[in-house]
Amino acid sequence: MTQFRSDFLNTLSERGFIHQCSDLAGVDAQALAGKLVGYIGFDCTASSLHVGSLVQIMLLHWLQQSGNKPIVLMGGGTTRVGDPSGRDESRKILTLEDIESNKNGIKQVFDKFLAFGDSGNKASMLDNADWLAALNYIDMLRDVGRHFSVNRMLAMDSVKLRLDREHELSFIEFNYMVLQAYDFVELARRHGCNLQMGGSDQWGNIINGIDLGRRMGTHQLYAVTSPLITLASGAKMGKTASGAVWLNADMRSPYEYWQFWRNTEDADVGRFLKLFTTLSMSEIAKLEALGGAEINEAKKALANAATALIHGAGAAELAAETARKTFEEGGAAEGLPTVETDLAGGLGILQALVLAGLASSNGDAKRNIQGGAIKVNDVAVSNDKLVLDASALNADGAIKLSMGKKKHVLLKQK
């Protein structure tokens, strides 16, 4: 492993965050002097980020922990265009109201990882709509567009892959890389920014920004990208059978979030401890050394640490205790995801499973019952005509629905 002079690059290197860097020596020198001002952009395409964004958030966290300044850039402007990177089809065009609502939902997670303020290396949160929304199209073409080669733009992966598959690429999306490059220049001019970070799929876009900065007379700019995270099985990080693993508690409960990390594949535990927790490398080394059934203790440590970062230590402890009661004691456990409904007139089991999010449709629910995967209050269900009512409420005033060994939801009277 390469040894650097700066804590920033040493931390990124030992934890597995570095995929590419435009100038390791240059970034190392700036970081050592505490002169890195680094940003990552987050488009406002949903009301919450999901765990696929955590690597980028952790990059900003470690940048600040090393004495350098992070900038969180909200894509209030670029979200109006849509990033074509890694996509076979155009993103849905959102209204300005949707973008603003999503931006407000996304913002809340960053306070868990960064200290914001106006002094020293305190983090800043900016919005590229502040400069992109006011652009004059003709001036943009003349002052910025003239620095871009269409030949080179067509060779970019985000464009080339779409064209090779004969999938439509709209003119508005084709402009995305120009706007992202211009963001880097504006941040350099306005805030002294000199580093852009992102996933490896953003390398070409970031290099465009460095080149544009050189052509437009900024100070030296740098790039660092992280590897795209996939599971040992090859599956995409952050996607489950029930959908994306969102970071906001109103979209994925602390218990469900904890359970996601607890279910990490054995081969991924060590890597995820380094990427997604702030546990020391010595602590992680001890957990990595666990083998056999003991690896479950490492998974619990990962779940506890990752959940504490997002939802707080109290929520992580409650989730762990809920899991223990649910799996070891078979109890209902108050911390389980809860759905309120009116049980007075009775609720069919198929409808109940769909309502609880344990099945996607009545047909899906019926197949799971026939396969022996469904339990009500820890008792297997074989009758798909079963009706649940107040008489099924347990001592805790809830009906515990289970699918398999790991998915549980409580139904309570509204």
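## A walk through the protein chain

Let's start with the overall build: the protein chain holds 18 helices and 15 strands, where helices (H or I, at least four residues) and strands (E, at least two) are DSSP runs numbered from the N terminus. With a radius of gyration of 24 Å, close to the 22 Å that the globule rule gives for 414 residues, the chain is as compact as a globular protein of that length. That radius is taken over C-alpha atoms, and the rule is 2.2 Å times the number of residues to the power 0.38.

A word on what you are looking at: this is a predicted model, in which local features need pLDDT of at least 70 and side-chain atom pairs count only at pLDDT 80 or more, while totals for chains, interfaces and linings use all residues. Residues are numbered from 1 along each chain as its sequence is written, and side-chain values use heavy atoms, leaving out hydrogens and water.

Along its principal axes, the C-alpha trace spans about 75 × 45 × 40 Å. Buried residues make up 50% of the 414 residues; buried means under 20% relative accessible area, exposed over 50%, and partly exposed in between (1.4 Å probe, protein chains only).

Now zoom in on helix H6, which covers residues 137–143. Leucine 141 sits in this helix and is partly exposed, with a relative accessible area of 41%. Together with Tyr137, Ile138 and Phe171, Leu141 forms a nonpolar patch on the surface. Helix H6 gives the largest share of that patch, three residues.

Note on methods: Patches are made of residues with over 30% relative accessible area and no salt bridge: like charges are joined within 9 Å, nonpolar side chains (Val, Leu, Ile, Met, Phe, Trp, Tyr) within 5 Å. Accessible areas come from the Shrake-Rupley method with a 1.4 Å probe; for residues, only the protein chains shown count as cover. A salt bridge is a side-chain nitrogen of Lys or Arg within 4 Å of a carboxyl oxygen of Asp or Glu.
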